[in-house]
Amino acid sequence: MQRIVICLMMILWLAACSSGGSSKTPMQKHRGHSDVKGGVYLEKQHEQPKPDSAPLSVDKEKFIAMMVKKHGFNRQQLRTVLEQTNKLDWVIGLMDKQAPKSGSSNVPNGAWIRYKNKFITPNNLPKGVDFWNKYDKDLQRAYKEYGVPPEIIVGIIGVETGWGRVMGKTKIIDALSTLAFHYPRRSQYFAKELEDFLIMCRDEGVDPFDLNGSFAGAMGYGQFMPSAFRNHAIDFNHDGHIDLWDPVDAIGSVANYFKSHGWQRNRKVAVVADGQALSLDTGFSTKYSIEHLAKSGLKPKSSLEGHKEVSLLRLDMGDSYQFWYGLPNFYVITRYNHSTHYAMAVWQLGLAVKQAR
Ligand SMILES: [Ca+2]
């Protein structure tokens with residue numbers, strides 16, 4: 001009898017493990033409320049207006065008026081929401097640190113090596129291999145449907161969150177409202193993100209105070225901003241919801257994002273060059289003819305697949321520079337994050353994981 005009970009418990013435990021894998025995603029925990037009054041679903045403790053709060057700023061009132069007019073939100077509810085958001089000064093500090101710096105010297109100091117070594121490490125690669133093995137079926141399906149190979153998706157999710165290990169602990173609504181209303185340099189951009197975030201919460205029936213992400217409001221495995229969610233995220237596991245904290249939806253959404261930005265199936269990303277061209281401007285948005293680069297002293301180390309124009313990329317290897325021909329697929333990776341280092345790290349991390357499998 002006891003043995004039967006133990007067997008039964010084992011079966012139940014196995015069933016629990018196989019259905020839904022491990023724990024629920026934050027979306028699964030909080031979404032699905034249909035008793036929405038006026039805009040987003042709010043839990044009891046978020047429903048009440050603060051009695052002693054100061055009037056909202058002009059910017060906030062303007063934002064609220066837009067949400068009322070454009071999306072039919074309830075003015076008072078949205079006031080209640082914005083009254084409860086916190087201004088995060090440390091977020092503004094971090095954004096300032098990330099602001100683009102101008103000028104680059106012609107003396108190599110190993111900037112690329114330092115950047116790359118944050119991601120491509122003997123410790124990190126096995127985690128990428130585990131993720132790839134676990135979701136190989138979905139990665140192959142994404143490749144088939146969108147033309148984006150597994151190594152690119154594995155590279156993105158690896159650089160963004162260490163394959164789901166670090167998805168951010170900042171309340172997204174706090175991050176976005178701080179940047180929309182207290183960071184003039186990019187307030188327009190973040191007000192749009194806040195708009196898209198509130199719509200996502202309304203559509204999914206989730207209290208906006210229940211979702212956490214990066215300090216800039218990026219969400220889930222692939223760190224999609226809310227606008228990317230609205231425009232490119234998909235329900236890749238076909239459960240009727242788009243959930244960026246679900247690895248399968250994230251895989252499909254990254255693939256769809258790349259396809260929408262012009263990813264070309266089975267085409268190269270970049271080709272390393274022989275030679276040096278220190279006098280030329282470099283970066284993913286530069287444009288040179290192959291002849292011009294040849295005259296400047298560069299030769300591709302492998303086929304450029306017929307491309308006549310490329311960007312010129314320069315990696316600082318410490319004691320010298322390495323030049324690359326950037327092809328259209330390289331540019332597509334920079335649509336995820338506008339940085340040559342970022343795109344190169346995504347691609348090379350993906351290839352390193354592929355090799356380690
Ligand atoms: Ca889904």
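Visitor: How many helices and strands are there in the chain?
Guide: This is a predicted model. Its C-alpha atoms fill a box of roughly 70 × 70 × 35 Å along the principal axes. Within the chain, the count is 17 helices and seven strands.

Visitor: What is the mean pLDDT of the chain, and over which residues is the pLDDT below 50?
Guide: The mean pLDDT is 92, and 92% of the residues reach 70 or more.

Visitor: What percentage of contacts between residues at least 6 apart in sequence join residues at least 24 apart?
Guide: The chain has 357 residues, and buried residues make up 39% of them. Now take contacts between residues at least 6 apart in sequence. The share that joins residues at least 24 apart is 73%.

Visitor: How many of the residues of α11 are buried?
Guide: Helix α11 spans residues 172-182. Its buried residues are I172, I173, D174, A175, L176, S177, T178, L179, A180 and F181. The cover includes α4, α5, α6, β1, α12 and β2. That leaves α11 mostly covered, with a buried count of 10 of its 11 residues.

Visitor: At what angle do the axes of α11 and α12 cross?
Guide: Two packed helices are described by the angle and the distance between their axes. Here the axes come within 7 Å. α11 passes α12 in a left-handed crossing. The angle is roughly 145°.

Visitor: How do the residues of the contact of α11 with α12 divide into nonpolar, polar and charged?
Guide: From α11 come I172, I173, L176, S177, L179, A180 and F181. From α12 come S187, F190, A191, E193, L194 and F197. The division is 10 nonpolar, two polar and one charged.

Visitor: Which helices do the buried residues of α5 pack against?
Guide: In α5, residues 75-83, the buried residues are Q77, L78, V81 and L82. Seen down the helix axis, they fall within an arc of 135°, so they line one face. The helices packed against them are α4 and α11.

Visitor: Is R75 exposed, partly exposed or buried?
Guide: R75 lies in α5. Leaving aside neighbours within four places in sequence, R75 is in contact with I64 and V68. A residue needs 20 or more other C-beta atoms within 10 Å to be buried, and 12 or fewer to be exposed. R75 has 14, so this residue is partly exposed.

Visitor: How far apart in space are R75 and S302?
Guide: Along the sequence, R75 and S302 are 227 residues apart. In space, C-alpha to C-alpha, the separation is 60 Å.

Visitor: Which helices do the buried residues of α8 pack against?
Guide: In α8, residues 125-134, the buried residues are G128, F131 and W132. Seen down the axis, they fall within an arc of 100°, so they line one face of the helix. On the other side, P126 and N133 are exposed. The buried residues pack against α9, α10 and α17.

Visitor: Which residues does P26 touch, not counting those up to four places away in sequence?
Guide: P26 is in helix α2, residues 26-30. With 19 other C-beta atoms within 10 Å, P26 is partly exposed. Its C-alpha lies 36 Å from that of F284, 258 residues away along the chain. The residues P26 touches are D210, L211, N212 and W245.

Visitor: What is the phi of H238?
Guide: H238 lies in the loop between α13 and α14. It is exposed, with 10 other C-beta atoms within 10 Å. Most residues other than glycine have a negative phi. H238 has a positive value, near 55°.

Visitor: Where is E305, and what is its phi?
Guide: E305 is in the loop between β5 and β6. With 11 C-beta neighbours inside 10 Å, E305 counts as exposed. Its phi is positive in a residue other than glycine, with a value near 55°.

Notes:
Residues are numbered from 1 along each chain as its sequence is written. This is a predicted model: local features need pLDDT of at least 70, side-chain atom pairs count only at pLDDT 80 or more; totals for chains, interfaces and linings use all residues. Helices (H or I, at least four residues) and strands (E, at least two) are DSSP runs, numbered from the N terminus. The arc is that of the directions from the helix axis to the C-beta atoms. Two residues are in contact if their C-beta atoms, placed from the backbone, lie within 7 Å. Axes are lines fitted to C-alpha atoms, for helices over the stretch in contact, and angles run from 0 to 180 degrees between N-to-C directions. A crossing is left-handed if the near helix is turned anticlockwise from the far one by less than a right angle, and right-handed if clockwise. Ala, Val, Leu, Ile, Met, Phe, Trp, Tyr, Cys and Pro count as nonpolar, Asp, Glu, Lys and Arg as charged, and the others, Gly among them, as polar. pLDDT is the predictor's confidence in each residue, from 0 to 100.
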